[in-house]
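Me: I have a structure open and would like to go through it. Can we start with the overall layout and then move to the contacts?

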Amino acid sequence: MPELPEVETVCRGLAAALEGRRLTGVEVRRPDLRIPFPPGFAAALQGRRVLRIRRRGKYFIWELDDGTALLGHLGMSGSMTIRAPGTNFPPPAPHDHVILTTDDGAQVSYHDPRRFGLMTLSTVAGVEDHPLLAAMGPEPLSDAFTPAVLAAALKGKQTPIKSALLDQGAVAGLGNIYVCEALFRARVSPRRLADNVGRRKVEALVPAIKSVLTEAIASGGSSLRDYRQATGELGYFQHTFAVYDREGQPCPGCDCGAAEGQANGIQRIVQAGRSTFFCAKRQR
DNA sequence: CACGAACCCTGGCTGC
DNA sequence: TGCAGCCAGGGTTCGT
């Protein structure tokens, strides 16, 4: 479910509520997420103060006051929800796998029906070198992400650009939705081989990726089925999708498919087992 | 080596 | 109404 904008939105919500707070309760209700919790997981968090919450790609990182880092991923269906101090906390729902309590009486629950998410421990000093993060590509919203850097990542790859951009080692944080949207903005066909994306198209892709991610973050992310911000609010970027999940609808760029009986419009294909949505007329 | 398919798991929707 | 089948925002592993 969550791609970079959703994880960023969740981290901002968590940071506002948790930075400076102490974790007074740690309840692990189900230990078998994608990878098991490490031994001593709950004890390592218990009593620690949260100094900072940040994001790397689709991972969240909590920096604790003893140099421990909590490193986690929301997978496809994970969410983190804050319940403010003073509210009546509902009993744990099915798939609430971790419940944290803070010293000001707030509660944070990690909920993940499909259990593709994970949480593990690292250190603040070494978390960037953790095996889960070490091979990750540049942050797309940083100044380090430039056309030259993207071109180098695509060079020689005989896989479609759609698949290449989903590779977290090329650029961090993109998922199925935002790759489709960025390719549309840059007018690049998802079927074009990565190695055959010319310099001008790479130069269009970089700002397309940056703009779609920036706008999605400003909208609180995209809520399709169960995604929510940490505050419980829905994101609303899904109303802005140009192509994602819009098969058969007119292309918002060239309006093909709008006229009666006209064959064009947004089409859906499958690449590497995932749906791709695009306009074959506008994206080349 | 580099690619795509299969798989991990559950829930929701579609169509018969 | 019931249920089988398919699909889903992620990532890893296995086979070609």
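**Domains and DNA contacts**

Reply: The C-alpha centres of domain 1 and domain 2 lie 29 Å apart. This is a predicted model.

Me: Where are the bounds of domain 1 and domain 2 in chain A?

Reply: Domain 1 covers 4-134 and domain 2 covers 147-279. Domain 1 puts 16 residues into the contact, and domain 2 puts in 17 residues.

Me: What area is buried between domain 1 and domain 2?

Reply: About 1400 Å² is buried between them, and carbon and sulfur atoms give 65% of that area. On the domain 1 side, the residues that lose the most area to domain 2 are Pro5, Glu6 and Thr9, which together account for 37% of what that side buries.

Me: How many salt bridges across the interface of domain 1 and domain 2?

Reply: Zero by the rule applied. Polar contact does occur between the domains, with a count of six residue pairs, both residues at pLDDT 80 or more.

Me: Which elements give two or more residues to the side of domain 1 that touches domain 2?

Reply: Helix H1 (4-18) and strand E5 (79-83) do. H1 supplies the largest share, nine residues. By type, that side of domain 1 has six nonpolar, five polar and five charged residues.

Me: Changing topic to the DNA. Which residues are around DNA strand B?

Reply: There is a run from Pro113 through Arg114 and Arg115 to Phe116, and another from Lys157 through Gln158 and Thr159 to Pro160.

Me: How do the residues near DNA strand B divide into nonpolar, polar and charged?

Reply: Evenly: four nonpolar, four polar and four charged.

Me: What percentage of the atoms of DNA strand B within 4 Å of the protein belong to sugar or phosphate?

Reply: Sugar or phosphate accounts for 62% of those atoms, and bases for the rest.

Note on methods. Residues numbered from 1 in each chain as written. Chains lettered and ligands numbered in written order. Predicted model: local features only at pLDDT ≥ 70, side-chain atom pairs only at ≥ 80, totals over all residues. Heavy atoms only, no water. Near = heavy atom within 4 Å. Nonpolar A, V, L, I, M, F, W, Y, C, P; charged D, E, K, R; others polar. Domains from an automatic or database assignment. Contact = heavy atoms within 4.5 Å. Buried area = accessible area lost by both parts, 1.4 Å probe. Salt bridge = Lys/Arg side-chain N within 4 Å of Asp/Glu carboxyl O. Polar contact = N/O pair within 3.5 Å; in protein donor to acceptor, adjacent residues only side chain to side chain. Helix = DSSP H or I, 4+ residues; strand = E, 2+ residues; numbered from the N terminus.
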